[in-house]
Amino acid sequence: MNLMKYAIALAALLGAGTAPALAGDFYTNVEYNGSHSGSDYTGSTTDLHLGYEGDLGTDNFGWYVQGGPAFINDDGATDNDTQLSGKAGINVAATEKLDIYGELALQTNDGDVDNTYSSKLGAKYKF
């Protein structure tokens, strides 16, 4: 495990120790993501996260943070890989029918490969 992984793990443990002072709930999230290029299966990643979610004293603004191991299975690989991944997001009820949400995610990588970062921004309208 490299220094970045130790730093992320330590930050998660310290954050978990302060979480009971916040108003919210712990949860687990298991997520499978399969990848294909056309009809060719290229691999998958399964995240096993522990998370914490809450609000800021109003039903209009919710947030969450979660993190844990990411099990990476490349098609045809004889050796699978385990990295760390995490996500943080918000949800804002702009109106009674419109929610706006955003998410930032990261996944560590070993060796000469850069860490992976992604972002998501969206809106959900309820009919």
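Which residues make a nonpolar surface patch of about 260 Å²? The answer is Val30, Leu48 and Phe71. Keep in mind that this is a predicted model.

Let's take Phe71 from that trio. Phe71 sits in strand E3, which covers residues 61-74. Its relative accessibility is 33%, so Phe71 counts as partly exposed. Phe71 also turns up among the contacts of Thr45, a residue we'll get to below.

## The overall layout

The protein chain is built from one helix and six strands.

Of the 127 residues in the chain, 24% are buried. The chain exposes about 8,700 Å², and carbon and sulfur atoms supply 58% of that area. Take the contacts with a separation of 6 or more: 41% of them pair residues 24 or more positions apart.

The average pLDDT of the protein chain is 86, and 83% of the residues score at least 70. Among the elements, strand E6 (residues 116-125) has the highest mean pLDDT, at 97. Helix H1 (residues 3-18) has the lowest, at 52.

## Lys87, a buried lysine

Lys87 belongs to strand E4, residues 81-93. Is Lys87 buried or exposed? Its relative accessibility is 14%, and the cut-off for buried is under 20%, so Lys87 counts as buried.

What does the side chain of Lys87 make a polar contact with? Its partner is the side chain of Glu31, at 3.0 Å. Setting aside neighbours within four places in sequence, Lys87 is also in contact with Asp47, His49, Tyr64, Val65, Gln66, Glu103, Leu104 and Ala105.

## Thr45 in strand E2

Thr45 is part of strand E2, residues 40-55. With a relative accessible area of 17%, Thr45 is under the 20% cut-off and therefore buried.

Leaving out neighbours within four places in sequence, the residues in contact with Thr45 are Glu31, Tyr32, Asn33, Ala70, Phe71, Ile72 and Gln107. Glu31 is on this list, and Glu31 is on the contact list of Lys87 too.

## Asn80 in the loop

Where is Asn80? You'll find Asn80 in the loop between E3 and E4. Not counting residues up to four places away in sequence, Asn80 touches Ile72, Asn73 and Asp74. With Asn73 there is a polar contact between the two side chains, at 3.0 Å.

Methods
Residues are numbered from 1 along each chain as its sequence is written. This is a predicted model: local features need pLDDT of at least 70, side-chain atom pairs count only at pLDDT 80 or more; totals for chains, interfaces and linings use all residues. Side-chain values use heavy atoms; hydrogens and water are left out. pLDDT is the predictor's confidence in each residue, from 0 to 100. Helices (H or I, at least four residues) and strands (E, at least two) are DSSP runs, numbered from the N terminus. Patches are made of residues with over 30% relative accessible area and no salt bridge: like charges are joined within 9 Å, nonpolar side chains (Val, Leu, Ile, Met, Phe, Trp, Tyr) within 5 Å. Accessible areas come from the Shrake-Rupley method with a 1.4 Å probe; for residues, only the protein chains shown count as cover. A salt bridge is a side-chain nitrogen of Lys or Arg within 4 Å of a carboxyl oxygen of Asp or Glu. Buried means under 20% relative accessible area, exposed over 50%, partly exposed in between (1.4 Å probe, protein chains only). A polar contact is a pair of N or O atoms within 3.5 Å; within protein, one must be able to donate a hydrogen and the other to accept it, and residues adjacent in sequence count only if both atoms are side-chain atoms. Contact means heavy atoms within 4.5 Å.
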